[in-house]
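Dear colleague,

I am passing on the structure below, and after it I set out what was found there. Please read the notes with the structure open beside you.

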Amino acid sequence: MANIGFQELQSLPIDEIQRLLDDETALFDFFANLPQVKEMQARREALAKEVEMQARKNMDRKPEYEQKRQELVSTFDQLTSMRQTFDQLVQRQADLSEKYSPQMILTQLQFASRDVEEEAEQVAETFLAGSLPVDEFVSQFMEKKKLSHTRHAKAEKLSAKGEGRW
C-alpha cells in the first residue's frame, strides 16, 4: 500500500474510515484538525497578515510615491525641453559655422568683388552713353573700383591663408 502521508489515517480502523467517507462534514472536521493542516492554515494566515501589513505600508507611502513620480515626470519634461533647446542650438551652431566658414567667406568675397566690378562697368557704360557727368562718373567709378580691388585683395589674402586647410 502506498504511503498516504497522514499517520492519523493509517491508524484508523476501517469502519471509521468508511464513516468519514460517508459523512462529508466529519471528513472535513477530521482533516481540519490534522496538525499538518493546522500548520498550513497558520502559515497561510501569517502570510496573509504579512501581505496585508506590507500593503498598508505601501498605501501609507503612496503620497511619497506619487510625489516622486511627479518629480520624475517634471524632470523628464525638463530634460525633453532642454534636449530640444540643445538640438536647436547645435543646428544653429552648425548653420553659423557653415555660413562663416573661411571657404564660405572667400566665396562671398569673390561674388561681392565681381558684383562691384559689374557695377563699375555699368557706371562706365552710363558715362559713355552720355547720361552721367564727368565728376559723378569719376567719383562713382573710383569708389566702385576701390571697393572691388579691396575685396579682391582680401579674397586673395584669405585664399592664401587657407590653402590646404579646407
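What should the 29 residues of helix α7 span at 1.5 Å a residue, and how far apart are its end C-alpha atoms? Helix α7 covers residues 134–162 and should span 42 Å, and because its end C-alpha atoms are 41 Å apart, the two values agree. The expected span is taken as 1.5 Å times one less than the number of residues in the helix, and helices here are DSSP runs (H or I, at least four residues), numbered from the N terminus.

Before going further, please note that this is a predicted model, in which local features need pLDDT of at least 70 and side-chain atom pairs count only at pLDDT 80 or more, while totals for chains, interfaces and linings use all residues. Residues are numbered from 1 along each chain as its sequence is written, and side-chain values use heavy atoms, with hydrogens and water left out.

Helix α7 and its partner

The buried residues of α7 are F137, F141, K145, S148, A155 and G162, where buried means under 20% relative accessible area, exposed means over 50%, and partly exposed lies in between (1.4 Å probe, protein chains only). These buried residues pack against α6, which is residues 102–128. One of them, S148, lies in helix α7 and has a relative accessible area of 4%, which is why S148 counts as buried. If its neighbours within four places in sequence are left aside, S148 is in contact with S113, V116 and E117, contact being heavy atoms within 4.5 Å. S113, for its part, is found in helix α6, and its relative accessible area of 9% means that S113 is buried. With neighbours within four places in sequence again left out, the contacts of S113 are S148, R151 and H152.

Two packed helices are described by the angle between their axes and by the distance between the axes. The axes are lines fitted to C-alpha atoms, for helices over the stretch in contact, and the angles run from 0 to 180 degrees between N-to-C directions.

Helix α2 (residues 14–22) and helix α3 (residues 24–32) pack at about 110°, and their axes are 5 Å apart. That angle makes α2 roughly perpendicular to α3, given that angles from 65 to 115 degrees count as roughly perpendicular, those under 35 as roughly parallel, those over 145 as roughly antiparallel, and the rest as oblique. On the α2 side the contact is made by R19, L20 and D22, and on the α3 side by E24, A26, L27 and F30. Sorted by class, the contact of α2 with α3 has four nonpolar, no polar and three charged residues; Ala, Val, Leu, Ile, Met, Phe, Trp, Tyr, Cys and Pro count as nonpolar, Asp, Glu, Lys and Arg as charged, and the others, Gly among them, as polar.

Helix α4 (residues 35–60) and helix α5 (residues 62–99) pack at about 50°, with their axes 4 Å apart, and α4 and α5 are therefore oblique to each other. N58, M59 and D60 of α4 make this contact with K62, P63 and Y65 of α5, and the residues of the contact divide into three nonpolar, one polar and two charged.

Aromatic rings

Rings of Phe, Tyr and Trp (its six-membered ring) pair if their centres lie within 6.5 Å, and planes under 30 degrees apart count as stacked, over 60 as edge-to-face and the rest as tilted. By this rule the count comes to three aromatic pairs. The rings of F30 and F31 have their centres 5.6 Å apart and their planes at 80°, so this pair is edge-to-face. F30 counts as buried at 18% relative accessibility, whereas F31, at 27%, is partly exposed. Ring pairs also link F127, F137 and F141 into a cluster.

Separations along the chain and in space

A55 belongs to helix α4 and is partly exposed at 38% relative accessibility; the C-alpha atoms of A55 and V138, which are 83 residues apart along the chain, are separated by 96 Å. E66, in helix α5, is partly exposed at 37%, and E66 and K157 are 91 residues apart in sequence and 66 Å apart in space, C-alpha to C-alpha.

With kind regards

Technical notes. Helix = DSSP H or I, 4+ residues; strand = E, 2+ residues; numbered from the N terminus.
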